[in-house]
Amino acid sequence: MHIVYKADNLFDAHLVKHALEDAGIPAFVFGESLLGGMGELPLFGVLRVGVPDAARPQAEDIVAALDLGHATDAPISDADDIAGLPA
C-alpha cells in the first residue's frame, strides 16, 4: 500500500478516492474514523489516500491532474503568527 495523497479535509480525500476509482484503481481513505475522536477540534495529517503499490505511478498522475495542491506537512508555521504576539 502506498500513500498518494495527504488530505486536509474529508472532501478532498474522497474526491481523490473517487477519481482513482473512476480510473479503475482501488483506493482507500485512511484516518476517516479518527475525525470524530477529537470532537470539533481540527486534526491535521490524519487523512491519507492509499493505493496498491503496483498502481502508484498511474495514481500519482491522476492526483497531480486534480490540481488540489499539496497538503503541507506542518499546517501551522511561524509565518502564521500575528506580529508581536507569542506563538
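Biologist: Which orientation do H1 and H2 take to each other?

Modeller: H1 and H2 are oblique to each other. Angles under 35 degrees count as roughly parallel, over 145 as roughly antiparallel, 65 to 115 as roughly perpendicular, and the rest as oblique. Here the helices pack at an angle of about 130°, and their axes are 10 Å apart. Axes are lines fitted to C-alpha atoms over the stretch in contact, and angles run from 0 to 180 degrees between N-to-C directions.

Biologist: What kind of model is this, and how are residues numbered?

Modeller: The model is predicted: local features need pLDDT of at least 70 and side-chain atom pairs 80 or more, while totals for chains, interfaces and linings use all residues. Numbering starts from 1 along each chain as its sequence is written, and side-chain values use heavy atoms, without hydrogens or water.

Biologist: Which residues make the contact of H1 and H2?

Modeller: Contact means heavy atoms within 4.5 Å. From H1, the contact residues are Val16, Ala19 and Leu20. From H2, they are Ala59, Ile62, Val63 and Leu66.

Biologist: Take Ala19. What does Ala19 touch?

Modeller: Ala19 lies in helix H1. Leave out residues up to four places away in sequence, and Ala19 touches Ile62 and Leu66. Ile62 is 43 residues from Ala19 along the chain, yet their C-alpha atoms are separated by 7.4 Å.

Biologist: How many helices and strands does the protein have?

Modeller: There are two helices and three strands. Both come from DSSP runs numbered from the N terminus: H or I for at least four residues makes a helix, E for at least two a strand. Read from the N terminus, the order is β-α-β-β-α. Now look at the whole chain. Of the contacts with a separation of 6 or more, 66% join residues 24 or more positions apart.

Biologist: What share of the residues is buried?

Modeller: Buried residues make up 26% of the 87. The class comes from relative accessible area: buried is under 20%, exposed over 50%, partly exposed in between (1.4 Å probe, protein chains only).

Biologist: How many salt bridges does the structure hold?

Modeller: A search of the whole structure finds two. The rule asks for a side-chain nitrogen of Lys or Arg within 4 Å of a carboxyl oxygen of Asp or Glu. Start in H1. Lys17 bridges to Glu21, with the closest N and O atoms 2.8 Å apart. The second bridge joins the side chains of Arg56 and Glu60, at 3.0 Å from N to O.

Biologist: Why are Lys17 and Glu21 separated by about one helical turn?

Modeller: Because they are four residues apart in helix H1, which spans residues 10-22. Arg56 and Glu60 are likewise four residues apart, in helix H2 (residues 56-66), so about one helical turn separates them.

Biologist: Now the strand end. Where is His2, and which residues is His2 in contact with?

Modeller: His2 sits in strand S1, residues 2-7. With a relative accessibility of 19%, His2 counts as buried. Set aside neighbours within four places in sequence. His2 then contacts Val49, Gly50, Val51, Asp53, Arg56 and Glu60.

Biologist: Is Gly24 buried or exposed?

Modeller: Exposed, at 61% relative accessibility. Gly24 belongs to the loop between H1 and strand S2 (28-30). Along the sequence, Gly24 and Ala55 are 31 residues apart. In space, their C-alpha atoms are 9.6 Å apart.
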